[in-house]
Amino acid sequence: MRKARILVFVCFIIPIFLWQCQTKDRVDLILHNGVVYSVDSSFTSQEAFAVKDGKFVAVGSSEDILNQYEADSVIDAGGQAVFPGLYDPHSHFMGLGGKLNATDLVGTTSYAEIVERLKAFRADHPDREWLMGRGWDQNDWDDTRFPDKSLLDEAFPDIPVYLTRIDGHAALVNSKALEMAEVNASSKAEGGLVQLKNGQPTGILVDNAQRLIGRVIPAATQEEKRQMLKAAEKACLALGLTTVSDAGLSRTDIDLIDEMHKEGSLKIRDYAMISVSPENLDYYLLKGPYQSDRLTVRSFKIYADGALGSRGACLLQPYADDASTGFLLTPAATMDGYFARIADSEFQANTHCIGDSANRLVLDLYGKYLKGSNDRRWRIEHAQIVSKPDVAKFGKYSIIPSVQPTHTTSDMYWADERLGPERIATAYAFKDLMKENGYIPLGSDFPVEAVNPLFGFHSAVARTDDNNYPDGGFQMENALTREEALRGMTIWAAKANFEDRTRGSIEPGKFADFVILQKDIMKIPLTEIRSVQVVRTVVGGETLFK
């Protein structure tokens, strides 16, 4: 009898015990054999993680993860670097889609080259009612003055042409466009400029004056917008972006993005800033912030001034190369009214400020409502030229400087001509701004700049362009470390969006957004960073680019 009991124990009990000991937890995805930068509070590196239901459930060594978990989908990272999904906290996602549907004028070296690109585009798209383009920058030409409409009129007398400057704050149009919009020498736009020469429009429209033409350009249909968003998503995912932003959208466009997210036709995450207006304030303040797993709507976008390249940035003193001080796009009293309403809600105020005058004005208006240290996370978008006495206000009122490193390396060739030696020394001061609150989000402002987030990483750290100019870097006292730059493109960007509890780092409980890069940007020479390729982009555990 005793032998029989032993036999039963050996044959049945021990196998059950061993089976229970060997059983692994079932998950959807395992990644192992990687150099995983978690970007947690200690900036720890791991080798592996497990994902279930779109979220990280465990992070650790390859041995521990493989011993504890099993999955049908297993990624051997092959020793490559793995990072949290990259963020762009200030971009124009829908605007990128629009640019991809127009003539690309980035990198043109002359007005004549613009005309040639337009001719080629029109030959490929003969049915277009308007000839649209974006990306020209006269600062890249031998003649750095604003162009006029003469060459456009000669080449395109019968079709309206509208060409947006690279910063989006000026446009060049032809006579046909001016005629259709009934714009003439007497046309005015508050917060904008219709440039005149010999008493007649030159074809240059600065800032709000662009709306005079924009009102007669046929709006894109909903189906066209869907295609634009899909094209933009494809471009972003291929470059490792898992969360983008839209710095100023209409209610209609926000609803479209939400609809596409819900139906699964758009999967990249988006932080949408609402274009401020009395009507949008009425609607969204009553509705309250909106948060889904893919879309965040909890901020208003306000424009204080224009851009430095088109001399629309509002300065305390005149430009070094012009008698103007720039101008405000939104009157101070109007902005004050907006901030008063937003302060009485859970929404953020995100205000575009380039010049030192605009930055001072908005910092002081913010301070009027924020009063001191807080967690409202109101933002100054760009914060390009900040007078030294005003820098401390970012810390005093817990205001986030939302900056774009590639603006530095795009503007550095000519910014000193606009600002002079004293003001240029206080421009693009990312390190100084970061110290105020202990963090700084890094975006790109695409399509103003290139979409590739690694260009921004390189610009933040090396402060040089893609040709490694200037030698030694531009104003290196305000360069960021590689760790700071990576945080700025992940967890700090998430914090600026009120999303740091759900993503921005590789930690259990957060959405499984990650990217595998061909090379380790934390270790390779700075000169190689811009050429690094994306191996895989994953959003919520789903591979969307490989």
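The model is a predicted one. Strand β9 pairs with β3 in the parallel sense and runs antiparallel to β24. The second largest pocket holds about 240 Å³ of space, and helices α8 and α9 pack at an angle of about 65°.

**Strand pairing around β9**

- Strand β3 covers residues 35–37 and strand β9 covers residues 81–84; two bridges join them in the parallel sense.
- One of the residues involved is V36, whose bridge partner in β9 is V82.
- Strand β24, residues 514–517, is antiparallel to β9 and is joined to β9 by four bridges.
- Here A81 has L517 of β24 as its bridge partner.

**The second largest pocket**

- Rolling a probe the size of a water molecule over the atoms shows where empty space is left.
- By class, four lining residues are nonpolar, three are polar and four are charged.

**The contact between α8 and α9**

- Two packed helices are described by the angle between their axes and the distance between the axes.
- Helix α8 spans residues 222–237 and helix α9 spans residues 251–263, and their axes lie 11 Å apart.
- The crossing of α8 past α9 is right-handed.
- From α8, the contact involves Q222, K225, R226, L229 and K230; from α9, it involves T252, D253, L256, I257, E259, M260 and E263.
- This contact has six charged, four nonpolar and two polar residues.

Note on methods: Residues are numbered from 1 along each chain as its sequence is written. This is a predicted model: local features need pLDDT of at least 70, side-chain atom pairs count only at pLDDT 80 or more; totals for chains, interfaces and linings use all residues. Side-chain values use heavy atoms; hydrogens and water are left out. Two strands pair if DSSP finds at least two bridges between them. On a 1 Å grid over the protein atoms alone, a cavity is a set of points where a 1.4 Å probe fits but cannot get out, and a pocket is an open set with protein on both sides within 12 Å along at least five of seven lines; lining residues have an atom within 4 Å of a point. Grid points are joined across faces, edges and corners, and a volume is the space filled by probe spheres set on the points. Ala, Val, Leu, Ile, Met, Phe, Trp, Tyr, Cys and Pro count as nonpolar, Asp, Glu, Lys and Arg as charged, and the others, Gly among them, as polar. Axes are lines fitted to C-alpha atoms, for helices over the stretch in contact, and angles run from 0 to 180 degrees between N-to-C directions. A crossing is left-handed if the near helix is turned anticlockwise from the far one by less than a right angle, and right-handed if clockwise. Contact means heavy atoms within 4.5 Å.
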